[in-house]
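Student: I have a structure to learn today. Can we go through it step by step?

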Amino acid sequence: MCTNGNSYNNRIETLDIYKGLLIFLVVWGHFMMPLIDREYPAVRRLFLLIYSFHMPAFIFLSGYFYYSSWKKRGTGFKSICSWIVLYCAMKLMLNCSDILFYGEKKLIPNFLHESYAPWYILVMIIFKLLLLPIEFIQKINKKDTETNNQNIMKSKADMPKEIFSDGISIYLIFLIVLSACLSILNMPWQEKVGDFLALDRVVSFAPFFYMGMLYKKYLSSGRVSVFEKTNKPLFITGAVLTATFIIFFSIIGPYTRMFYGTWGYILVYENMASIFKGVLNPLRAVFIPYALCIAYFFFVLINKKVFFLTPFLKKFGIYSLPIYVFHRPIRDAFSYYVLNKVSFGRFEEEILIIIMAILSFMCCYLLGNRFTDRVCRPF
């Protein structure tokens, strides 16, 4: 979602199509969210299948796309300000929606706590700020290198690009390991922190972002990407995990809270095995490869053949950010005027799923354009 919708050069069509699928699933999942605690088993199963991979995949791709611009320009102040402005604007907009449809009384939202839709914007800001230490170290090392070589007649453009590459890799691996270790803890302090600065999501989804950056760096050495050539073992693993989730949902169901990226203490409840109720809960670490395998399965599936929806998905992928930012008030209105006022029977569940899919597609189509994209990028 953090790629520039107006930058058409050097775009990867398969990833645009996949991003289009992902943002459609984000919107569709939000439309289904008010129903998951009601007696709609098909809605709940489909909703949790979507949540098992769509945000991990999005955040992985965000890191993948961000690496190139970060390597050239670093963490720009203007970029961070743009994201902060977008986060605050989205919070204010959704607070108005909450006042209209959910009876919210506060006129000004709490900008420091976030566990709903704007959390993605907030974690992206923090992910970028966490890269500042390695940038600072790079600048110091670069100065030392230039001082030591000041008597060598060599242009800056000819200097080897690999000077700092190992340091970047080590730092990204450090962030991945640190966040993965923190995510498996069940500690009392987590409850006190709660959703402050969306830190639960930061810790849970950070491995995906920095793995995306590391994978992009790995590709820069000329190796063939899994986005270019299908990795059959990875694809088959994803297919098996998807089928297992659907078939054995009654067993896997109690463990699906980890899909939301919440703190470890929230995962622990009566239907889970006792092994997961201690200080360390390995579920989150297991979720990382689990989510990526399922995500890759759907990536290959959606790009196997061109079909009539492919051009639409490509457009949605290019303009995924404004779709994400503006879709929720439409969902809130639908929930208030339809889901809360119309009684649907069990046999009408499939029809309701289709209606919400059509509405989600329309949201993506209407909101994904150049104008809305520019509104989301004030700088």
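Tutor: Start with one term: two residues are in contact when heavy atoms of theirs lie within 4.5 Å. Keep in mind that this is a predicted model.

Student: Which residues of α1 meet α3?
Tutor: Helix α1 covers residues 13-32 and helix α3 covers residues 54-73. On the α3 side, the contact uses H54, M55, A57, F58, L61, Y64 and F65. On the α1 side, the residues are L15, Y18, K19, L22, I23, L25 and V26.

Student: What is the orientation of α1 relative to α3?
Tutor: Two packed helices are described by the angle between their axes and the distance between the axes. Here the axes are 10 Å apart, and the angle is about 140°. Only angles over 145 degrees count as roughly antiparallel. The crossing is left-handed, and the angle makes α1 to α3 oblique.

Student: What about α16 and α17: how is α16 oriented to α17?
Tutor: Helix α16 spans residues 328-339, and helix α17 spans residues 349-367. Their axes lie 11 Å apart at an angle of about 150°. That angle is over 145 degrees, so the class is roughly antiparallel.

Student: Let's turn to charges. How many salt bridges does the whole structure have?
Tutor: Side chains of opposite charge can pair when their charged atoms come close. The cut-off used is 4 Å from nitrogen to carboxyl oxygen. A search of the whole structure gives eight.

Student: Which parts of the chain does the pair D98 and R328 tie together?
Tutor: The two side chains form a salt bridge, with N to O at 2.8 Å. Both residues are buried. They sit 230 residues apart in sequence, so the pair links helix α4 with helix α16.

Student: Which residues are joined with them into one network?
Tutor: Some salt bridges share partners. Linked in this way are D98, R328, R331 and D332.

Student: Are R377 and D373 buried or exposed?
Tutor: R377 and D373 form a salt bridge, their closest N and O atoms being 3.1 Å apart. Both residues are buried.

Student: Where is K91, and which residues does it contact beyond its neighbours in sequence?
Tutor: K91 lies in helix α4. Its relative accessible area is 10%, so it is buried. Leaving aside neighbours within four places in sequence, its contacts are P109, N110, F111, H113, E114 and P118.

Student: Last one: how many helices and strands are in the protein chain?
Tutor: Of its 379 residues, 48% are buried. The count is 18 helices and zero strands.

Notes. Residues numbered from 1 in each chain as written. Predicted model: local features only at pLDDT ≥ 70, side-chain atom pairs only at ≥ 80, totals over all residues. Heavy atoms only, no water. Axes fitted to C-alpha atoms, helices over the stretch in contact; angles between N-to-C directions. Helix = DSSP H or I, 4+ residues; strand = E, 2+ residues; numbered from the N terminus. Parallel < 35°, antiparallel > 145°, perpendicular 65-115°, else oblique. Buried < 20%, exposed > 50% of the residue type's maximum accessible area, 1.4 Å probe, protein only. Left-handed = near helix turned anticlockwise from the far one by under 90°.
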